[in-house]
Amino acid sequence: MSQFGMQMPGGRQNKGAGPDVYTALMFIGVVAMGVAVAMLWIAGTKVAPEGNPLKIQDPNRIDLKS
């Protein structure tokens, strides 16, 4: 029966496929992207007006705080 791909009733259940290398690489990429966004947010708070990185600076008066 195994030559036709049939399974016996009450037999051992087939396990599903687990995560592979591509899943691990995608997870590492997502974590790295999150770290990069966090670092840019922190750097943006240092130079942004009023410490809000989403606020747009006045193009005529750019103030870089150190």
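Helices here are DSSP runs of H or I with at least four residues, strands are runs of E with at least two, and both are numbered from the N terminus. The model is a predicted one, in which local features need pLDDT of at least 70, side-chain atom pairs count only at pLDDT 80 or more, and totals for chains, interfaces and linings use all residues. Residues are numbered from 1 along each chain as its sequence is written, and side-chain values use heavy atoms, with hydrogens and water left out.

The protein chain contains one helix and zero strands. Helix α1 covers residues 21-47. Of the chain's 66 residues, 3% count as buried, where buried means under 20% relative accessible area, exposed means over 50%, and partly exposed lies in between (1.4 Å probe, protein chains only). Accessible areas come from the Shrake-Rupley method with a 1.4 Å probe, and for residues only the protein chains shown count as cover.

A nonpolar surface patch of about 900 Å² is built from Val-21, Tyr-22, Leu-25, Phe-27, Ile-28, Val-31, Val-35 and Met-39. Patch residues have over 30% relative accessible area and no salt bridge; nonpolar side chains (Val, Leu, Ile, Met, Phe, Trp, Tyr) are joined within 5 Å, like charges within 9 Å. Val-21, a member of this patch, lies in helix α1 and counts as exposed because its relative accessible area is 58%.

Leu-40 also belongs to helix α1. With a relative accessible area of 63%, Leu-40 is exposed. Its C-alpha atom is separated by 9.1 Å from that of Pro-53, 13 residues away along the chain.

Leu-54 sits in the segment after α1. Its relative accessibility is 65%, so Leu-54 counts as exposed. Between the C-alpha atoms of Leu-54 and Trp-41, which are 13 residues apart along the chain, the separation is 9.1 Å.

The structure has one salt bridge, defined as a side-chain nitrogen of Lys or Arg within 4 Å of a carboxyl oxygen of Asp or Glu. Lys-55 and Glu-50 are the partners, at 3.0 Å from N to O. Lys-55 is partly exposed because its relative accessible area is 37%, whereas Glu-50, at 67%, counts as exposed.
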